[in-house]
Amino acid sequence: MSHTIITEKCIGVAECVNACPVACIHKGQGKNKANKEWYWIDFAACIDCSICLQVCPTEGAILDKEEPTLQREPI
Ligand code: SF4
Ligand code: SF4
């Protein structure tokens, strides 16, 4: 299992990127629908530690489960 960054809720502040102990959070290409930068979690590498969820300032941007339909990935 993995955590998920909901692409359309992410505001791109990247607190999660530096906090992730396995460096599995990556920057997405372009902007989301709210014209913000967005990040995505590599589901295969995530170890489900929840640290990203604790540091993210945007309520509801990270889910503690794997929901591929809510998270865009680079093409
Ligand atoms: S998931 Fe949260 S901490 Fe990570 S980039 Fe998006 S808004 Fe920032
Ligand atoms: S749950 Fe842990 S391993 Fe997974 S993306 Fe968040 S900080 Fe990284």
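You are looking at a predicted model, where local features need pLDDT of at least 70, side-chain atom pairs count only at pLDDT 80 or more, and totals for chains, interfaces and linings use all residues. Residues are numbered from 1 along each chain as its sequence is written, chains are lettered from A and ligands numbered from 1 in the order in which they are written, and side-chain values use heavy atoms, with hydrogens and water left out.

Stay with ligand 1 for a moment. Its space is the largest cavity (a set of points, on a 1 Å grid over the protein atoms alone, where a 1.4 Å probe fits but cannot get out).

Next, select ligand 2. It sits in the second largest cavity (more than half of its atoms lie within 2 Å of the grid points). Which residues are the closest to ligand 2? They are C20, C46, C49, S50 and C52, out of 13 that surround it. By class, ten residues of this shell are nonpolar, two polar and one charged.

Now for the charged pairs. Side chains of opposite charge can pair when their charged atoms come close. The whole structure holds two salt bridges (a side-chain nitrogen of Lys or Arg within 4 Å of a carboxyl oxygen of Asp or Glu).

Show R72 and E8: their side chains meet at 3.0 Å, N to O. R72 lies in the segment after β4 (62–63) and E8 in the loop between β1 (4–5) and α1 (15–19), so this bridge ties together parts that are 64 residues apart in sequence (helices are DSSP runs of H or I, at least four residues, and strands runs of E, at least two, numbered from the N terminus). R72 is partly exposed at 33% relative accessible area, and E8 is partly exposed at 34% (buried is under 20%, exposed over 50%, partly exposed in between, with a 1.4 Å probe and protein chains only).

Move on to E37 and K27, whose closest N and O atoms are 3.5 Å apart. K27 belongs to strand β2 and E37 to the loop between β2 (25–27) and β3 (39–41), so the pair joins parts ten residues apart in sequence.

Finish at T58, in the loop between α2 (51–55) and β4. Is T58 buried or exposed? It counts as buried, at 18% relative accessibility. Beyond its neighbours within four places in sequence, T58 is in contact with K9 and I11 (heavy atoms within 4.5 Å).

Technical notes:
Near = heavy atom within 4 Å. 1 Å grid on protein atoms, 1.4 Å probe; cavity = no way out; pocket = protein on both sides within 12 Å on 5 of 7 lines; lining within 4 Å. Nonpolar A, V, L, I, M, F, W, Y, C, P; charged D, E, K, R; others polar.
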